[in-house]
Amino acid sequence: NGGAAATAAAAGEAAQGQSELDRFMATSIRLPLVVPADGAKVLIVKFNDYQCPACGQSYQAYKPIFEKYAKSNPGEVKLVLKDYPLSNKCNANMTTELHSGACEAAVAVRLAKLQGKAEALEEWLYTHQAEMNPDTVRKAAREVGGVNDFDEKFASTLESVKSDIAYGKQLAVRSTPTFFINGVKVEGAMAPQFFDLAIQYELKHPRQ
C-alpha cells in the first residue's frame with residue numbers, strides 16, 4: 001500500500017527530525033540572558049528587524065504556535081522581542097544601510113504599545129516591508145498605531161532601541177531574526193515544526 005508506506009516514511013522523517021532537534025537542544029551551549037522569564041518554563045528572545053523578510057515570515061509562521069501554547073500551557077512559554085534594526089542610522093554595528101525604515105519602525109512599535117496598538121502596527125509593518133521608509137513608517141505609526149507624538153518622542157525612544165542593539169552585540173547577534181530559546185542561540189528562522197519541537201523539548205526538560 002503506497003499510501004501507508006508514504007505515511008510511514010513521513011513518520012520516520014518526523015521522528016528523525018525530532019531526535020536531531022532534541023540532540024541539538026541537549027548539547028548546545030546555553031547563554032545566560034538578563035531577561036526576566038516571569039515564571040515561564042520556556043523563554044524565547046527574538047532579535048528582530050521589522051523590515052527583514054525572514055522576521056516577518058517567522059512572525060506569521062510562529063504566531064499559531066505561540067497561541068497554541070498560550071491555551072495548552074498558559075504562562076509557560078514567553079516571547080520577548082528585542083530590536084536589532086539592520087540600519088547604520090541607529091545600529092553602530094552595521095556598516096551599510098540595509099533597511100531604511102527599520103530604526104523608525106522599532107521606535108513606532110514601542111510608541112504604539114503605549115496606545116495598546118503595537119500588534120496592529122506590527123502586522124502592518126510586516127505586510128508592507130517593500131514600501132517601508134521613514135515617511136511611510138511615520139504615517140503608519142499615526143494612522144495604524146495611534147501615535148501622535150512620534151517626532152517628540154523619537155530621540156528618547158531610540159535610546160531604548162539602542163540598548164537592545166548593544167545587548168544584541170554582547171550576545172554576538174549578527175543577523176535577524178536571531179532567537180534564543182532558553183539561552184540556545186538559533187540564527188535565522190527554524191521551520192515551524194522544528195520551532196514547535198524545540199518548545200516541546202524545553203517544556204519536557206525544565207531548567208533549574
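Me: Starting with Ser87: buried or exposed?
Reply: Buried, because its relative accessible area is 0%. Buried means under 20% relative accessible area, exposed means over 50%, and partly exposed is in between, with a 1.4 Å probe and protein chains only.

Me: Before I go on, what am I looking at, and how are residues numbered?
Reply: This is a predicted model: local features need pLDDT of at least 70, side-chain atom pairs count only at pLDDT 80 or more, and totals for chains, interfaces and linings use all residues. Residues are numbered from 1 along each chain as its sequence is written, and side-chain values use heavy atoms, with hydrogens and water left out.

Me: Back to Ser87. Where does it lie?
Reply: In the loop between E2 and H3. Helices (H or I, at least four residues) and strands (E, at least two) are DSSP runs, numbered from the N terminus.

Me: And what is Ser87 in contact with, leaving aside neighbours within four places in sequence?
Reply: Met94, Thr96, Glu97, His99 and Cys103. Contact means heavy atoms within 4.5 Å.

Me: Now the sheet. What order do the strands have?
Reply: E2-E1-E3-E4, an open sheet of four strands with mixed pairing. Two strands pair if DSSP finds at least two bridges between them. E2 and E4 (184–187) are the edge strands; each has a single partner, so one side of each has no neighbour in the sheet.

Me: How many bridges between E1 and E2, and in which sense?
Reply: Seven, in the parallel sense; E1 covers residues 42–48. Leu43 stands opposite Lys78 in E2. Phe47 has Lys82 in E2 as its bridge partner.

Me: What packs on the sheet?
Reply: H2 does, touching E1, E2 and E3 (178–181). The direction of H2 makes about 160° with that of E1. For that angle, axes are lines fitted to C-alpha atoms, for helices over the stretch in contact, and angles run from 0 to 180 degrees between N-to-C directions.

Me: How many residues of E1 are buried?
Reply: Seven of its seven. Val42, Ile44, Lys46 and Asn48 point one way, and Leu43, Val45 and Phe47 point the other. In a regular strand the side chains alternate between the two faces of the sheet.

Me: Which residues of E4 are on its covered face?
Reply: Val184 and Val186. Lys185 and Glu187 make up the uncovered face. E4 runs antiparallel to E3, and four bridges join them.

Me: What's in the turn between E3 and E4?
Reply: The two strands form a hairpin with two residues between them. Asn182 is in the turn, with a positive phi of about 50°. Asn182 counts as buried because its relative accessible area is 16%.

Me: Where else is phi positive in a residue other than glycine?
Reply: At Asp38, with phi near 50°. Asp38 is in the loop between H1 (2–27) and E1. Asp38 counts as exposed because its relative accessibility is 61%.

Me: Which residues does a cis peptide bond join?
Reply: Thr176 and Pro177, with omega about -10°. Pro177 is in the loop between H6 (150–170) and E3. Most residues other than glycine have a negative phi, and most peptide bonds are trans.

Me: Which residues lie nearest the centre of the largest pocket?
Reply: Tyr59, Leu79, Leu81, Lys113 and Glu122, out of 28 lining residues. The elements giving two or more residues to the lining are H2 (53–72), E2 (77–83), H3 (102–114) and H4 (118–127). H2 gives the largest share, eight residues.

Me: How does the lining divide into nonpolar, polar and charged?
Reply: 14 nonpolar, three polar and eleven charged. Ala, Val, Leu, Ile, Met, Phe, Trp, Tyr, Cys and Pro count as nonpolar, Asp, Glu, Lys and Arg as charged, and the others, Gly among them, as polar.

Me: Last one. Leu111: buried or exposed?
Reply: Buried, because its relative accessibility is 5%. Leu111 lies in H3. Leaving aside neighbours within four places in sequence, Leu111 is in contact with Val147, Phe150, Lys153 and Thr157.

Note on methods. On a 1 Å grid over the protein atoms alone, a cavity is a set of points where a 1.4 Å probe fits but cannot get out, and a pocket is an open set with protein on both sides within 12 Å along at least five of seven lines; lining residues have an atom within 4 Å of a point.
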